[in-house]
Amino acid sequence: MVEHDIDESEQKLDAEVAPALIAVHPYQKFVSVAVGSDLRVFSFQHGSAAQLSDDTGGHKDSIRAIRYSKSGNLFVSGGDDKLVKVWDTDSWRCVYSVVSEKRVTSLAVSGDDKFVSFADKFGVVYVVDIGDYDDENRATVHKKAVPILSHYCSIITRLDFSPDGRYIISADRDFKIRVTLFSKERLEGAHEIQCFCLGHTEFVCSLAFPRSQDYARGLLVSGSGDSTVRLWDYNSGSLLDTCEIGTKAGLSNSNQKQEDALPAVTDLCETCDGSMVAAAIQRTLSIAKVVSIAGETFIPTSISAASSVPLLWMVMGASSLSATDSTLLARVRVVSGLGADHSEPIVPETSVVEDKEVPGGEPLLQALQGRLTINEEASLTTAEAVKTAMHNLLIKKQYSAERRDFRKRGRNDKKIKP
């Protein structure tokens with residue numbers, strides 16, 4: 001009886017709202033938005049929503065991670081239905097479907113499009129070999145994932161391959177960033193830890209890889225609930241710089257409530273030339289200067305940019321499985337002015353693009369938002385849901401001893417053998 005009650009409580013916690021996500025094709029051929037279990041894709045080539053085809057019926061629960069591959073040939077999605085799906089972006093068919101033991105929290109695609117890696121809610125990281133991919137209108141292939149490393153019951157909030165492909169970099173809710181060698185024997189495990197990047201005092205929820213001609217060893221930027229963005233040498237784990245971004249944005253002052261004193265960094269994204277990183281923090285966006293979204297309640301839950309177009313795409317939205325509205329809402333905004341020419345050390349002139357000037361226009365907004373316009377009441381409701389969603393996902397929960405014992409019996413990290 002006790003276990004039954006605990007299980008119901010766990011399910012209630014897990015059924016809370018999921019923040020909306022956005023991902024942009026490297027050459028801005030497509031923009032994708034995920035809200036709840038709904039995956040929406042807009043094609044610039046056709047000027048309309050792309051039609052997705054999935055023999056297995058699509059996602060059945062909230063999507064927690066989406067990503068385009070570096071080449072743009074593949075798109076991956078994963079979430080609370082314990083599924084990872086690999087899509088071919090030419091046909092928008094689901095070509096691979098992978099079943100996870102636990103709910104999926106983050107995923108990544110290797111630079112050569114041969115491997116998909118994903119993490120589950122218990123901190124186990126898996127890899128899937130998709131090197132034999134060949135779309136000939138065949139049925140969806142069900143692939144098996146291989147566990148390669150673990151954070152041991154700490155939710156992994158972000159997963160990435162390093163730009164050179166040598167490492168898998170994983171960040172978690174317990175303030176850690178782990179840099180692990182991606183072995184040549186890809187499916188035999190990743191047991192050699194290169195280093196840890198330690199210094200954050202709250203959850204780490206986002207990673208980015210800026211490029212610098214003056215620093216060829218490899219740079220990593222991380223964003224955290226401690227309201228800082230930190231710059232690392234990911235080969236050694238050395239901390240190179242710290243930006244108190246909440247203070248820079250003027251969001252931390254003595255008059256604020258304690259829980260609002262340190263606004264969390266919710267997402268990071270490199271600009272198109274890789275020389276700058278945009279950081280979404282609560283109600284504002286920081287790109288060397290603070291860009292405020294005036295005239296409306298807008299809390300970016302996810303940001304993304306193409307590698308070839310000087311635009312930054314943002315989305316605000318959240319969903320609940322118990323929502324009565326069949327149309328899940330998301331608010332899409334775009335920031336312009338992120339040009340590729342930063343030879344001079346000046347702050348770029350950035351601005352929020354008006355809806356009528358957004359690339360793709362009204363068809364894009366209709367396809368990605370669920371409706372053309374979002375009223376203020378819906379925005380306020382979504383903003384509150386976003387705060388709740390981010391808090392419940394990233395702030396570590398406190399459990400009674402009885403509940404901890406029950407959770408330990410369901411752990412799967414012990415299955416990984418060194």
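**Buried charges and paired rings**

Q: Is Asp160 buried or exposed?
A: Asp160 has a relative accessibility of 8%. Buried means under 20% relative accessible area, exposed over 50%, and partly exposed in between (1.4 Å probe, protein chains only). Asp160 therefore counts as buried.

Q: What kind of model is this?
A: Residues are numbered from 1 along each chain as its sequence is written, and side-chain values use heavy atoms, with hydrogens and water left out. Local features need pLDDT of at least 70, side-chain atom pairs count only at pLDDT 80 or more, and totals for chains, interfaces and linings use all residues, in what is a predicted model.

Q: Which residues do salt bridges with shared partners join into one network?
A: A salt bridge needs a side-chain nitrogen of Lys or Arg within 4 Å of a carboxyl oxygen of Asp or Glu. Arg158 and Asp160 meet this way too, at 3.2 Å from N to O. With shared partners, the network is made of Arg67, Arg158 and Asp160.

Q: How many residues apart in sequence are the parts tied together by Arg64 and Asp80?
A: Arg64 forms a salt bridge with Asp80, with the closest N and O atoms 3.1 Å apart. Arg64 lies in strand E6 (residues 63-68), while Asp80 is in the loop between strand E7 (74-79) and strand E8 (83-88), so the tied parts are apart in sequence by 16 residues.

Q: How many salt bridges does the count come to?
A: Side chains of opposite charge can pair when their charged atoms come close. By the 4 Å rule, the count of salt bridges is ten.

Q: Why is the pair of Phe42 and Phe44 given its name?
A: Rings of Phe, Tyr and Trp (its six-membered ring) pair if their centres lie within 6.5 Å; planes under 30 degrees apart count as stacked, over 60 as edge-to-face and the rest as tilted. The structure holds eleven aromatic pairs. The ring centres of Phe42 and Phe44 are 5.4 Å apart and the planes stand at 85°, so this pair is edge-to-face.

Q: Which residue has a side chain in polar contact with Ser32?
A: Ser32 is in strand E3 (residues 30-35). Ser32 is buried, with a relative accessible area of 0%. A polar contact is a pair of N or O atoms within 3.5 Å; within protein, one must be able to donate a hydrogen and the other to accept it, and residues adjacent in sequence count only if both atoms are side-chain atoms. At 2.6 Å, the side-chain partner of Ser32 is Tyr68.

Methods:
Helix = DSSP H or I, 4+ residues; strand = E, 2+ residues; numbered from the N terminus.
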